[in-house]
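Here is a short note to read alongside the model. Take the points one at a time and keep the structure open as you go.

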Amino acid sequence: MILNILNNILSLLCGVFTIVYYFINNSSSAALNILKGIGLGLAALVASYLVIFIIIWLFFISVSFFIRPNKDYDKPSKVFNAIFILWYSYITNFFRVKVRVTGLEKVPFGTRFLAIANHRSNLDNMIQAMVLKKEQIAYISKPENFKIVLCRAYMKRALYLPIDRKDVRNALLTIIKAINYIKDDVISVGVFPEGRRSKTGELLDFKPGCLKIAEKALCPIVICTIEGTEKVHKNFPWKKTIVNFDVISVLYADDYKDMPTVDLSEKIRNMMLEKLGK
């Protein structure tokens, strides 16, 4: 938000200063000159906005060069995580997203947990990471996301984990690593139990296997719902999008330790369905 506000304010000031400067140095007040001055001001506003926009992105790109692509990081970085969250904030604000949060007081910050939510948009994990920023979260994501330029560097440094569901052995290794992240007090883990984005907004069937992370680590499960992110691409740039992020419940180990994984999955899914209203 801060970067977007700064971008807009500086651009506006450049436009205003250009208009003022033009009229100070031009004594004629003819209508044509007035229009010319306003035109120059608008041109300065657009040009300065683009320049500042480029500078901001160059900053994020430059930071990524300090991340070694071939290194396997085993600890999170508060500095890089703060920059990552700043980047997420910049992107969501750029797309005119306003997030309304409820239930944040339920989150056991200071304790490693498994964060889960429904999945409707590429912005979902950005918003969840921003809302739960007091706790660094490593997300489990599809391998294709680790091929995206710039994103892959930040994802690697944030300890994100790729999972290939077509390769059972690979998927199992990812789940084991996520379990160890929590058990060894390294970082919390985030997953989307549906396994893919819902194109209709309806809650898809869950992949219960991801809940093995919590069951084996005996950690809290922070259950969240996200509504509205699927509308961003329709509303941008003309309309602001209101996104509702709700922490609906937290299940602790004693709440589910004797419950079969499938039953736990169904219980959580029903809680989400009740909150989402469908």
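How do the residues of the lining of the largest pocket divide into nonpolar, polar and charged?

1. The lining of the largest pocket has 23 nonpolar, eight polar and nine charged residues. Here Ala, Val, Leu, Ile, Met, Phe, Trp, Tyr, Cys and Pro count as nonpolar, Asp, Glu, Lys and Arg as charged, and the others, Gly among them, as polar.

2. A word on the source: this is a predicted model, where local features need pLDDT of at least 70 and side-chain atom pairs count only at pLDDT 80 or more, while totals for chains, interfaces and linings use all residues. Residues are numbered from 1 along each chain as its sequence is written, and side-chain values use heavy atoms, with hydrogens and water left out.

3. The largest pocket has a volume of about 1,200 Å³. On a 1 Å grid over the protein atoms alone, a pocket is an open set of points with protein on both sides within 12 Å along at least five of seven lines, a cavity is a set where a 1.4 Å probe fits but cannot get out, and lining residues have an atom within 4 Å of a point. A volume is the space filled by probe spheres set on the points, which are joined across faces, edges and corners.

4. Now look for the cavities: the structure holds two of 30 Å³ or more. The largest cavity has about 70 Å³ of space, and its lining has nine nonpolar, two polar and two charged residues.

5. The second largest cavity holds about 50 Å³. Among the residues that line it are Pro76, Phe80 and Tyr154.
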